[in-house]
Structures are given as structure tokens and as C-alpha cells.
Amino acid sequence: MGSLVRSVHRAELLAMTRFGNADAAELDSDDDYEEHEGVQGTWHIDAARSESMTPFLISVGAPRLIAHMVGKRGKPVVIRVDGSEGVTVCVEGKEDESYVAGSTTAVETPGGTVSATLTLGKTSDGLRSFTVHKAGPAAGEHSVEERVLTERGELECTFTHHPASGPEVRVVRVYTRHGV
């Protein structure tokens, strides 16, 4: 549905520009429209401005060799907003993770199954942020994945792991939009 609305919107803009109503096209530009997409879309890592995931992956139980191999890289992330209360996060090579606000979702991680809950950060423009809290797999262990759309239109993701004992591990990654 969203892509249909975007297609119609773009066609209207093109028609306004072609038929002499450029003032209206400027007032309702495509750039303004994309701001209202919120976090939904396809996002690519900005490797130069992002920290390596290696410490986080090791902390949550991934084998060290694997963590070092994939920690600096970043696969595209697709975020779909499912209705008014749900979010699906899709990363190539991983099973999609779908969450609904107010519900608990079981998620498989390198260390075992965790219980995940979703908190939405809505504004009048739509979903601008969301946070996934994952409890477990060990007693007293949890992680927090916070995704926030910045003023620059980038997606800033903060991954924090709180082990049952020891210091927390926090990694911040920055993504740029590559499609809606």
C-alpha cells in the first residue's frame, strides 16, 4: 500500500511540474514526503561512521572467529512497519524478526532463545524510533536494540548487551536510506 501511495504522489508531482503548477510541486516535494516514511525502508551501513559489531557479537555468545569476520561489515537492513503496532527487521542471512508492541516474541540468538518486547517511538509523522528489549538467555542477562531516525534522515542504531556479570557492551552504527 505504501509503495502505491508513493507512486501516486510522485505521479502527481510530475504532472504538476509538467503542466505549469511548479509552485505546488515545490510545496509538496518528494524530499518532504520521504521524511514521513519514518524508520521504514532499506538501510545500508555507513562503515566509516559505524563501530564494529565484534564486541557486541562476542558478548552475546557468537563464536569469536565469526564475530571478527562479520563485525565490521554490515548487510542491508530492511525495516517494515506492520500496521500501527508492529515492526519487522530483515537482515540477509538471518531469520526475519517480527515484533508487536505489548507482546513477547521468542528470538533465536547465538547464545540461545531470548524473550523480546517492542517499544514504539511514534510522532505525528509516523514511527521515528523503536526499541527491542531482549531478556536472556541467561538469568540476569539482557540486551537493548534502539533504532532512531535522526534529524539528518539517518538511522542510528545502538546495540547494548548487559551480561549477567561483567561490564555492559555498547555499539553504535549509522545507516543511510536506500529505498522505502
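This is a predicted model: local features need pLDDT of at least 70, side-chain atom pairs count only at pLDDT 80 or more; totals for chains, interfaces and linings use all residues.
Local features need pLDDT of at least 70 and side-chain atom pairs count only at pLDDT 80 or more, whereas totals for chains, interfaces and linings use all residues. Residues are numbered from 1 along each chain as its sequence is written, and side-chain values use heavy atoms, with hydrogens and water left out.

The secondary structure of the protein chain consists of five helices and ten strands; these are DSSP runs numbered from the N terminus, helices being H or I with at least four residues and strands E with at least two. The chain has 180 residues, of which 36% count as buried, that is, under 20% relative accessible area, as against exposed at over 50% and partly exposed in between, with a 1.4 Å probe and protein chains only. Of the contacts (heavy atoms within 4.5 Å) between residues at least 6 apart in sequence, 40% join residues at least 24 apart.

The largest pocket has a volume of about 1100 Å³. On a 1 Å grid over the protein atoms alone, where a 1.4 Å probe fits, a pocket is an open set of points with protein on both sides within 12 Å along at least five of seven lines, and lining residues have an atom within 4 Å of a point. Grid points are joined across faces, edges and corners, and the volume is the space filled by probe spheres set on the points. The lining of this pocket comprises 44 residues, and Met53, Leu57, Val91, Lys94 and Glu97 lie nearest its centre. Several elements each supply at least two lining residues, among them helices H4 (54-59) and H5 (64-70) and strands S3 (86-91) and S8 (142-149); strand S5 gives the most, with five. By residue class, the lining divides into 22 nonpolar, nine polar and 13 charged (Ala, Val, Leu, Ile, Met, Phe, Trp, Tyr, Cys and Pro are nonpolar, Asp, Glu, Lys and Arg charged, and the others, Gly among them, polar).

Arg177 belongs to strand S10. Its side chain reaches two backbone oxygens: that of Gly38 at 2.7 Å and that of Gln40 at 2.6 Å.

Two cysteines may also be noted. Cys90 counts as buried at 10% relative accessibility, and Cys157 is buried with a relative accessible area of 3%. The count of disulfides (pairs of cysteine sulfur atoms within 2.5 Å) comes to zero.

Finally, Gly136 and Pro137 are joined by a cis peptide bond, with omega about 5°. Most peptide bonds are trans. Pro137 is found in the loop between strands S7 (126-135) and S8.

How values were computed
A polar contact is a pair of N or O atoms within 3.5 Å; within protein, one must be able to donate a hydrogen and the other to accept it, and residues adjacent in sequence count only if both atoms are side-chain atoms.
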